[in-house]
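Colleague: I'm new to this one. Could you show it to me and take a few questions?

Modeller: Gladly, here it is.

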Amino acid sequence: PLEENGKETAMVNRAVYFISSMGGDYLAWDPEDIRNPKTHEYGIYAYPRYSEKIPLVAKSFDEFLENLINGKLPRALGFEGKSTRVKKQFLQWSKK
């Protein structure tokens with residue numbers, strides 16, 4: 001469990017949360033996981049509500065958006081088959 005793993009607990013505490021799903025999943029970047037210091041890119045992690053694993057979902061914000069559109073992000077959160085709806089909603093939002 002997270003409570004027993006000091007490394008993951010520290011990551012949860014220092015994470016910068018920037019989005020959540022309606023169901024209680026969270027996404028955050030880890031300020032200690034610097035992927036590109038010149039462009040200020042950090043590892044982006046998922047905090048799924050039904051898992052104690054904290055998967056890396058993107059190495060940059062651009063990759064995060066690509067993963068959202070192509071369906072990899074919903075799968076990381078355990079939402080198989082929902083990528084079409086997410087993609088349509090994102091594309092509608094991005095045209096505004």
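Colleague: What makes you speak of one buried side for helix 2?

Modeller: In helix 2 (residues 61-70), the buried residues are Phe64, Asn67 and Leu68. They cover an arc of only 100° around the axis, so they lie on the same side of helix 2. The face turned away from that buried side carries the exposed residues Asp62 and Glu66.

Colleague: Then what does the side chain of Glu41 reach?

Modeller: The backbone nitrogen of Phe61, at 2.9 Å. The limit for a polar contact is 3.5 Å, so this pair is within it. Glu41 sits in strand 3 (residues 41-47). Leaving aside neighbours within four places in sequence, its contacts include Asp33, Ile34, Lys59 and Ser60.

Colleague: Which element has the lowest mean pLDDT, and which the highest?

Modeller: Helix 4 (residues 83-94) has the lowest, 54, and strand 2 (residues 26-36) the highest, 94. For the whole protein chain the mean is 78, with 72% of residues at 70 or more. Where pLDDT is low, the predicted coordinates should not be read in detail.

Note on methods
Residues numbered from 1 in each chain as written. Predicted model: local features only at pLDDT ≥ 70, side-chain atom pairs only at ≥ 80, totals over all residues. Heavy atoms only, no water. Helix = DSSP H or I, 4+ residues; strand = E, 2+ residues; numbered from the N terminus. Polar contact = N/O pair within 3.5 Å; in protein donor to acceptor, adjacent residues only side chain to side chain. Contact = heavy atoms within 4.5 Å. Buried < 20%, exposed > 50% of the residue type's maximum accessible area, 1.4 Å probe, protein only. Arc of directions from axis to C-beta. pLDDT = per-residue confidence, 0-100.
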